[in-house]
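Please read this report with the sequence and the model side by side.

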Amino acid sequence: KSNGQLSGTTGKAKRLEAILIRLTGDLAKKYDVYYRVHIQSYGWLDWAKNGEMAGSVGLAKRLEAIEICYVEKGGNAPGSVGVAYIEK
C-alpha cells in the first residue's frame, strides 16, 4: 500500500505477522529506510532495510510494535541487521 492507505484488515481480529517498507521517488534517492518489529513471544528482531521482510510467517505471532528510521543513503544501520525475519 502507499500514501496513507490501510494495510491489513479492520474489525476481523486478524493479526499482522510481517511487513516490508520501501521508499519511492525523491526520498528513495536520498535515504535508506530501516525498520524493525517487536513480535509476540520473541521481542525485538533486528533491522530490515529498503523492502526486506520483517516479522514472521507461519508462526502465528502478531506484530506488537514497529520502529522506523531514515538514514542518509549509504549510512550505517541504526543497529544489528542479522535476523529481521523468522519463518516456520
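Two strands pair if DSSP finds at least two bridges between them. Strands (E, at least two residues) are DSSP runs, numbered from the N terminus. This is a predicted model, in which local features need pLDDT of at least 70, side-chain atom pairs count only at pLDDT 80 or more, and totals for chains, interfaces and linings use all residues. Residues are numbered from 1 along each chain as its sequence is written, and side-chain values use heavy atoms, with hydrogens and water left out.

Strands of a sheet pair through backbone hydrogen bonds, either parallel or antiparallel. Here, three strands form an open sheet with mixed pairing, in the order β1-β5-β7. β1 and β7 are the edge strands, each pairing on one side only. β1 (residues 18–19) and β5 (residues 54–57) run antiparallel and are joined by two bridges. Isoleucine 19 has alanine 54 in β5 as its bridge partner. On the parallel side, three bridges connect β5 with β7 (residues 85–87). There, glycine 55 stands opposite tyrosine 85 of β7.

**Rings**

How many aromatic pairs does a search of the whole structure find? It finds one. Rings of Phe, Tyr and Trp (its six-membered ring) pair if their centres lie within 6.5 Å; planes under 30 degrees apart count as stacked, over 60 as edge-to-face and the rest as tilted. The ring centres of tyrosine 31 and tyrosine 70 are 6.3 Å apart with planes at 65 degrees, so this pair is edge-to-face. Tyrosine 31 lies in β2 (residues 31–39) and tyrosine 70 in β6 (residues 63–72), so the pair links parts of the chain 39 residues apart.

A charge also meets a ring. The charged end of arginine 36 sits over the ring of tryptophan 44, 4.4 Å from its centre. The test requires NZ of Lys or CZ of Arg within 6 Å of the ring centre and within 35 degrees of the ring normal.

**Accessibility**

Buried means under 20% relative accessible area, exposed over 50%, partly exposed in between (1.4 Å probe, protein chains only).

| Residue | Relative accessible area | Class |
|---|---|---|
| Tyrosine 31 | 31% | partly exposed |
| Aspartate 32 | 3% | buried |
| Tyrosine 34 | 5% | buried |
| Tyrosine 70 | 49% | partly exposed |

Aspartate 32 is in β2. Its side chain makes a polar contact of 2.8 Å with that of asparagine 50. Another, of 3.0 Å, joins the side chains of aspartate 32 and lysine 73. A polar contact is a pair of N or O atoms within 3.5 Å; within protein, one must be able to donate a hydrogen and the other to accept it, and residues adjacent in sequence count only if both atoms are side-chain atoms.

Tyrosine 34 is also found in β2. Its C-alpha atom is separated by 5.1 Å from that of cysteine 69, 35 residues apart along the chain. Contact means heavy atoms within 4.5 Å. Beyond four places in sequence, tyrosine 34 is in contact with residues including Trp47, Ala48, Cys69, Pro78 and Val81.

**The core**

A nonpolar core is a set of buried Ala, Val, Leu, Ile, Met, Phe, Trp, Tyr and Cys residues joined through side-chain atoms within 4.5 Å. The largest one has 12 residues, among them Ile19, Val33, Tyr35, Ala48, Ala54 and Ile86. β2 gives the most to this core, with four residues. Not counting residues up to four places away in sequence, alanine 48 touches Val33, Tyr34, Tyr35, Met53, Ala54 and Ala84.
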